[in-house]
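Subject: Model for your records

Hello,

Here is the model we spoke about. My notes follow below it.

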Amino acid sequence: MLGLLAPAAPACAGTAGQRPAAPARPTAVVQVLPAAVVLEGARAEQGLVVSVRGADGALRDAGAAAAWRITPAGVARVARQWGRRVLLPVSDGTAVLEISVPGAAPARVPVQVRSAAHAPPVSYFHEVVPALTRAGCNQGICHGTPTGKGGLRLSLQGYAPEDDYTSLAREGGGRRVNTSDPGRSLLLLKATASMPHGGGRRLGPEMPELEILSRWIAEGARLDPPATPRLERLELLPPPRRLELPAARQQVVAMAHYSGGAVRDVTSLTRFSTSDEDLASISREGLVRGTRRGDVAVLARYQDTLESLRLTLWKEVPGFRWPGLPEHNLVDRHVFARLREMRIAPSPPAGDAELLRRASLDTLGLLPTPEETRAFLADPAPDKRQRLAARLVERPEFAEYWALKWADVLRIQDETLTPRGARTYHAWLREALSAGRPFDQLVRELLTASGSTYQVPPANYFRALSTPEELSEATAQLFMGVRMSCARCHNHPFERWTQDEYYALAAYFGQVRREGRGRGEESVYLDPRGEVRHLRTGAVMRPRLPGAGEQRLSPDTDRRRILAEWLTRPDNPFFARAVVNRVWAHLLGRGIVEPVDDFRTSNPPSNQPLLDALAADFAAGGFDLRRLVRLILQSQTYQLSSRPVPLNADDEVYFSRAYPQRLPAEPLADAISQVLGLPAEYDGYPRGTRAVQLAGTGGRNAFLKTFGRPDRNLNCECEREKDPTLFQALRLITDRDIAARLRAPEGRVARLAAAEPAAALDELYLAALCRLPTPRERTGFLAYLREAPDRRAALEDAAWALLNSKEFQFRH
Amino acid sequence: MISFRGNRVRLCDGARRREFLRVGALGALGVGLPQLLAAEARAAEAARAAGQATGRRKSCILFFLFGGQSQLDTWDMKPDAPELIRGEFRPIATSVDGIRICEHLPELARRAHRYAIIRSMTHHVKNHAPAGYYALSGMAPRRDVNNFGLNPDDYPALGSVCSLMSPSTRPVPSYVQLSPALVGDTGIQMPGLHAGLLGARYDPLKVTGDPNEDRFQVAELSLPTEVDDRRLAARRSLLGLVEQEFPLLRESPRVGRLESFYQRAFDLVTSPEARRAFDLSAEKPALRERYGRNIYAQQLLLARRLIEAGVRLVTVVWGGPINQPDDYWDTHQGNFPKQKEKLLPLFDRCYSALLDDLQERGLLDDTLVVAMGEFGRTPRVGQITANGGTDSTGRDHWPYCYSITLAGAGIRGGQVIGRSDETTATYEERPVTPEDLVATIYHALGINHHAEFRDQLGRPLPLVRDGEPVRELWGS
């Protein structure tokens, strides 16, 4: 499902026998897709993708400027139909279509017309259902909901066409389709708004859908005969390419390949969209218009198939120059290559203080102490940044912080696991990370655990998630980066995952059972008779790995082991990519695929070679998390400044600079404690426990909640609120607990109040911002501190100002 | 506010209405704060364009009568039914010919021309939490049990949707919930009031203090005692020194966003306007008396102040003890004395005061008021449907047919919509489901109920699953 279709061989200018063009002839040549046209039956049509290959070798869409000439006449004709130019059959025979574009050598396309006199009946599966999808009738907000609308219920985007046939042709008292008087069919009257229709006018005579539906009804509204060919694949023309802004137009043609070898242009029956309307839009007829620089996928839905086509929108930037930044490792090689290609400059490297703060917060969830900051700034060694990275990943806090990250998405919480279960599970996770357990091994332990949830900590995986469906959804999302939940009830609307595949994956967890042992303890075991049934068909599902065939496993096989071993193989296409993408997103503030757990062909990565290289390195290095973090930390890319430069100001996906992030709830709470020199209190945990160390949700705490600590009810990082909110600002301004710790006699502020104001100020700045005050800040703060009647209260105000500064609250 | 994650709302004709995704795009432009704020305003405008119909911006006060108000003892009396059904109360005439309501609602009877009554609300959910969820979000619950809990995949509350689609432009939150600290005597977690699928940022500002108390204040909005205005000003100027040295404040939209929230937060804490919004002591004592000196009446008054200050939707949850643990609408025992002596007089007084107050201030045309419970109560006294504790003096839960009232926002008062049968066991005409009601409220607020939003996983979901506004409310 990750691969793209191979392009059809293009028809190029000239023929085999011709000599290369003389110098006076144009160097640009016309290229046409498809390379040859076959029109089968009276209702066939064929649109073309016409491009010109310029002197620079790049292909550009030239459809609007192209002239079509067909010889001899009488075989096929050129016409405008359904909003685009197409070739239509006239009579059986062969002809040549010449496509010319001013200034380029023309191309010739062989044309063959067959069965021109025969108009085949409308196919329910191949035409009617796609027409309903294209018209939007069966989308989620219209009739494609489980309850339907206005009494008519259709399957979402036609995933269950047989059921839809019943709804259309059998229910509704025969009024929906009226085969004796097609014009009085409710389906047509409503869709054309000839009768009141909640969805308004969806169809008109200018749309092919209306003709398809009318014809089908007039022909008796029949299901296809049993021997009708199946759709095998959908092909989009052209293959992936780069579009140059500002013009950035591209015609797309959708070709359906059926069993038996027939191929047909189904562009006018295909529903198009793009993955990002901000970057590019696409018309109903398949014409893409790009507006902004970036990567976008064109999505085409025809029947139950979703195909995508990746396009890169690109523009030349006058005066673009690549600064001579040294590459540190493979990360920079791929990031910089992409930046150069996209004409985006990287920001200069960050300063030492900025980098130290960023790296400490990202790897440990802690601010560097003033002593650490001073030592790092004073270190003259040229390789101190690389050594810093190596040092940080070996600190004990590293495992604590990464355990927090995984605890979120593994849903380690007191309510479902009991406080004891949550602590046991969390401790296991932390210790595994601390011991440097290879990640593949850790995941195999998780996925195959059985036994007491108190004695076998990873068995809690099967307690946090209780059904085979939840387990397979979570496993796919966590370790494959795939959100399958849509496919529980219907085929995934944005992806190729089908409902069948969903239940075939769930079948690996079909044997998992739990029983209580009292006092909140539970035991996870396997029931060899356990099976999973398909929601819609009720069929018992055999386990099937994505992209593989059904597996026949003996009942005493632990199916989970089969899945876990497949998943964690070094060459598994999902696992390493999914994990490195999460780690990358944590360190760089954005995934190479974003959202981090939503890998889809329709959601292109911003840098595929980078993702592949990181994944390969992670697998080759034995799935070592520390090694991966160190690699990224040591890259020039990670160490870039967060300040934009003119040539990267509009980039937020290619990692041309560090993207500032608000501190997550726990590191923020801990950083505040560090600055104040006093810990916060967490219910049920000993004094001095840091927020990052909290196991389950036992430390449920209003402050952490306000800053986005999730309740851990989802397997999704998205549950952790990352965006700033009004309530966060209010909280930091008014928080009573911070106020009390600002004033506490044993806190840092009270301690510094005795010191000389300038020294006290330096210390506060170093503690909070890892830097000394600027001259302007020093003047302003010292004036306030020296004039204040109450020195200590004034210093509280200074500390309050630092805690409320954006520089403090962001990692940048 | 508009999400950085981009598109959260879509319509049937989808793609063309994606303007307001552009806040996400703004991040890419690296624009400064003023542009960002201006763009946010534009994006909000576009979001409204996507979701909203036309007309002036409307606000809403949702007066939620937790426990379930008895339709037979209030809006839909059946004086000719057997005693065990009609109960102890008698109907009286109102300001509108042909409409009769309970004798213990005399003030509301005099104002019957101001509000519309729907007597054919109907659904099938019998427990408080799931029924409340249904009534408040328009989403049918999957399970009909009381320990329903709050779930991250709950449908968003009406106010959360308002925060998304019609956010306040003034220095106040878009959605405020006023409720007792514990809803119900068992402290049921009331779903349907939180943002659920939309994510925590669309949760309400929850105020659980008692505004009837002199010392009432909202903790999040008030400073610690040792920080007076002068000291806060000093702190702000120190903060300004630090911010001045942080160029990302201007260069990073994300940082700029937090900064813009800081400006609003300071406004909330310091601006006389925002402070006044929460300060009931600014109201004339006579008006406070007019509403009644109890938590719910004063919350209703506070709701009016908040709407005046720019809040889009205020939910007042009458759902906990006033003086006794059972002073709310869940009258399983002592149905008649409880209503006669406490609930109905208090309700009559504060609800009528609110209608008068809104009218006098010219706010009623732009403010929708809805007073409703999660269901009604059994036709027959002593009949048990959900709660075995119901005795021969009580009425149990009855979702199949019950009454609610709506006023303001252009709704034509003095009309009755729908009809129940002779005992209110079921509707006879014009059933109105919670889906329809939620669609009606969106419609009144100018939010297109056909819109689609995206949850945190990016799944497209309809605002209302299958409901249509009760358009007769606005008909003549």
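**Backbone and interface**

A:Pro238 sits in the loop between β11 (231-237) and β12 (241-244) of chain A; helices (H or I, at least four residues) and strands (E, at least two) are DSSP runs, numbered from the N terminus. The peptide bond that joins A:Leu237 and A:Pro238 is cis, with omega about 0 degrees.

This is a predicted model, in which local features need pLDDT of at least 70 and side-chain atom pairs count only at pLDDT 80 or more, while totals for chains, interfaces and linings use all residues. Residues are numbered from 1 along each chain as its sequence is written, chains are lettered from A and ligands numbered from 1 in the order in which they are written, and side-chain values use heavy atoms, with hydrogens and water left out.

A cis peptide bond also runs from A:Thr71 to A:Pro72, with omega near -10 degrees. A:Pro72 is in the loop between β5 (67-71) and β6 (76-81) of chain A.

Most residues other than glycine have a negative phi, and most peptide bonds are trans. A:Phe623 has a positive phi, near 50 degrees, and lies in the loop between α17 (608-620) and α18 (625-633) of chain A. A:Phe623 counts as buried at 3% relative accessibility; buried means under 20% relative accessible area, exposed over 50%, partly exposed in between (1.4 Å probe, protein chains only). In chain B, phi of B:Ala409 is positive as well, near 55 degrees. B:Ala409 belongs to the loop between β12 (402-407) and β13 (416-417) of chain B, and is buried at 5% relative accessibility.

Now the interface. Chain B contributes 74 residues to the contact and chain A 73 residues, where contact means heavy atoms within 4.5 Å. The buried area between the two chains is about 6300 Å², with 61% from carbon and sulfur atoms; this is the accessible area (1.4 Å probe) that two parts lose on being put together, summed over both.

Nine salt bridges are found across the interface of chain B and chain A, each a side-chain nitrogen of Lys or Arg within 4 Å of a carboxyl oxygen of Asp or Glu. One salt bridge is between the side chains of B:Arg235 and A:Asp797 (2.7 Å, N to O). Elements that give two or more residues to the side of chain B that touches chain A include α7 (229-244) and α9 (253-270) of chain B. The most comes from α9(B), with 12 residues.

Regards
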